[in-house]
Amino acid sequence: MSLLNVVDLKTSYGPVNVLAGVSFTVQPGETYALVGESGSGKTTVIRAISGLAPAQDGSVTFEGQEIRGAPERVMRPLRKDMAMMFQDPVGSLSPRLTIRSLITEPYRIQGMKDKDLDAEAMRLLEMVNLPTHFADRYPYQLSGGQARRVGVARALALEPKLILADEPTAGLDVSVQGELLNLLNDLRERLGLAMVIITHNLSVVRHVADRMGIMYLGRLVEEGTTETIFRDPRHPYTRCLLSANPEPDPDARLERIALKGEPPSLLKRPSGCEFRERCPFAKDICTQTPEWEVDGGHGLRCLAPLS
Amino acid sequence: MTDTLLEIDHLSVDYETGRGDLKALRDITFDVNKGEIVGIVGESGCGKSTLISSILRLTAPNTRFREGEIRFKGQDLLQASERHMRDLRGADISIVFQDPMQTHNPVLTIGQQMLDIQHRSKQSKADKLAHAAKMLGAVGIPDPEARLKQYPHEFSGGMRQRIAIAMALMSEPDLLIADEPTTALDATLEVQIIERLQELQREFHCAILFISHHLGVIAELCDRVVVMYAGAVVESGEVREIFHNSKHPYTRRLIECDPGHIKERARVLPTIPGEVPDLANLPGGCIFRDRCDQAMARCATEVPPLDQLKEGHHAACWLNHEEVTT
């Protein structure tokens with residue numbers, strides 16, 4: 001049984017339909033990456049999964065239990081198994097609580113009174129490689145990388161089965177970014193964690209994700225194993241995204257495929273293929289609406305796929 | 001050297017704090033030539049922001065310029081009058097900031113803001129608006145005349161950053177400072193901004209000082225690179241030299257750490273263990289030695305000078321000491 005099963009998830013805010021039907025699954029221990037431009041709905045997907053954003057239609061099952069639109073009384077015990085890492089590392093920590101209170105807050109919320117909270121705080125700080133005297137600090141005394149690690153400690157406190165991580169490395173220096181990804185990889189192996197990770201850094205995706213889904217305007221347009229997508233991207237949008245990844249080599253010969261224009265407004269979704277107005281490879285057939293088709297685990301929504 | 005535009009000459013800047021002087025910049029030396037794109041790379045706390053605010057003299061009140069000069073077209077900006085600095089800012093030197101969502105005034109239209117920054121010009125309002133529309137067109141904003149009537153919230157992040165670039169270039173500055181202009185944007189927009197900057201640089205021939213911690217962007221855009229660590233320049237040189245023939249262990253480690261560099265999926269990514277030293281309480285010797293895997297006895301006692309290794313390539317590391325040509 002898959003750990004997380006998202007089927008045709010839809011979210012709208014009034015007339016703006018942010019998610020127009022997103023489906024994917026995550027197996028236990030698997031890392032799944034969601035990539036796409038700003039505004040493609042990545043963050044809404046994971047917020048809708050954890051019940052922090054509304055989802056009007058579709059289904060989210062976690063370990064077989066339907067949780068879309070579930071009331072807080074159902075969600076709260078589940079959050080023990082399903083932790084969030086938020087995008088803004090400092091903003092997601094209450095400025096008035098010490099690091100000790102922050103990383104032991106999950107135990108209090110879950111009513112786990114028999115735990116020795118001080119000992120747990122020390123254990124968690126060590127796990128994320130922070131000095132134990134940080135327990136008495138406040139968030140403003142931390143650097144971005146350290147605040148990130150506190151976020152990881154909080155997310156891992158209750159040994160969840162799934163982590164939903166929104167841009168876990170955004171704004172970090174490359175050396176610190178490596179440390180954080182190594183930490184997540186290590187914990188994943190030790191604890192068998194599954195992860196849904198949102199990032200627009202494709203180099204990061206290559207090193208952490210088993211499978212990836214590419215989102216455009218609130219829909220998946222391509223999905224497959226990370227290796228397949230990097231080697232053989234079939235959707236023109238995926239190809240554009242991959243080609244837009246600047247390489248740290250001044251002599252790299254990039255065959256860059258430029259995206260035309262801006263993402264269309266969600267209030268005026270284009271007819272037919274929603275990417276066609278910006279697609280450098282659009283054909284006449286693209287005025288028809290492409291269906292989601294899966295071939296050997298490689299999903300695609302395109303009528304004129306690249307070979 | 002008639003084509004040198006900006007010379008940073010042995011600049012040292014401190015911040016006075018309750019814990020003593022924080023040595024934010026120490027002995028910084030590099031040049032920017034006319035029409036050249038120079039990248040400054042370095043991690044958080046390396047002094048990039050202090051450097052930019054020093055060039056513009058927009059520094060915090062506890063800033064102390066201890067030594068050195070910042071010469072722009074031969075004139076030392078640290079000695080210039082405030083009036084002269086005001087004449088330079090936004091005219092000869094302009095800047096694009098990191099966060100496009102906070103650069104613009106939310107309650108004024110883009111057109112009004114673009115009019116306001118032309119306050120020095122004697123042109124008519126209609127001419128100024130036409131100039132504004134032309135600049136928006138130049139950065140690839142479709143239908144610029146109509147867009148001038150809109151407010152910042154009606155534009156996407158990428159468009160706002162391009163508008164910020166258009167505004168910075170309106171006065172045809174000799175020097176454009178770009179402070180991490182793509183950090184808040186995603187990869188496709190980042191590429192759009194880089195390509196736009198390259199085009200505009202060819203058109204306007206301004207020099208660009210491009211600050212970033214994204215090595216891929218630096219490699220693609222810049223002619224020369226200055227690598228900073230903990231308030232000091234550790235290496236500077238032509239972009240190919242820096243990426244292919246780096247002479248400082250920090251530069252090499254930084255490039256190794258970039259996951260874009262590693263093509264095969266790696267289980268463990270390289271990192272640089274350790275922390276940046278406390279700038280209020282500097283250790284003696286080389287600033288990087290605690291994190292350097294090639295540190296020698298000499299590194300603990302003497303600060304390595306920024307030596308010229310060959311024409312235009314400088315590095316501050318004792319490992320190179322046989323190679324010094326000057």
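The model is predicted, so local features need pLDDT of at least 70 and side-chain atom pairs count only at pLDDT 80 or more, while totals for chains, interfaces and linings use all residues. Residues are numbered from 1 along each chain as its sequence is written, and chains are lettered from A and ligands numbered from 1 in the order in which they are written.

Chain A brings 30 residues to the contact and chain B brings 33 residues (residues are in contact if their C-beta atoms, placed from the backbone, lie within 7 Å). On the side of chain A, two or more residues each come from helices H6 (174–191), H7 (202–208) and H9 (236–243); helices (H or I, at least four residues) and strands (E, at least two) are DSSP runs, numbered from the N terminus. H6(A) gives the largest share, seven residues.

The 18 residues of H6(A) should span 26 Å at 1.5 Å a residue, which agrees with the 25 Å between its end C-alpha atoms; the expected span is 1.5 Å times one less than the number of residues. Among its buried residues are Val174(A), Leu180(A) and Leu184(A) (buried means 20 or more other C-beta atoms within 10 Å of the residue's own, all placed from the backbone). The buried residues of H6(A) pack against H5 (144–156) and H7 of chain A, and also against H10 (249–257) of chain B. Gly192(A) follows H6(A) and has a positive phi, near 65°.

Chain A also holds an open, antiparallel sheet of four strands in the order E2-E1-E4-E5, where strands pair if DSSP finds at least two bridges between them. Its edge strands are E2 (16–26) and E5 (65–66).

How values were computed. Contact = placed C-beta atoms within 7 Å. Buried ≥ 20, exposed ≤ 12 C-beta atoms within 10 Å, placed from the backbone.
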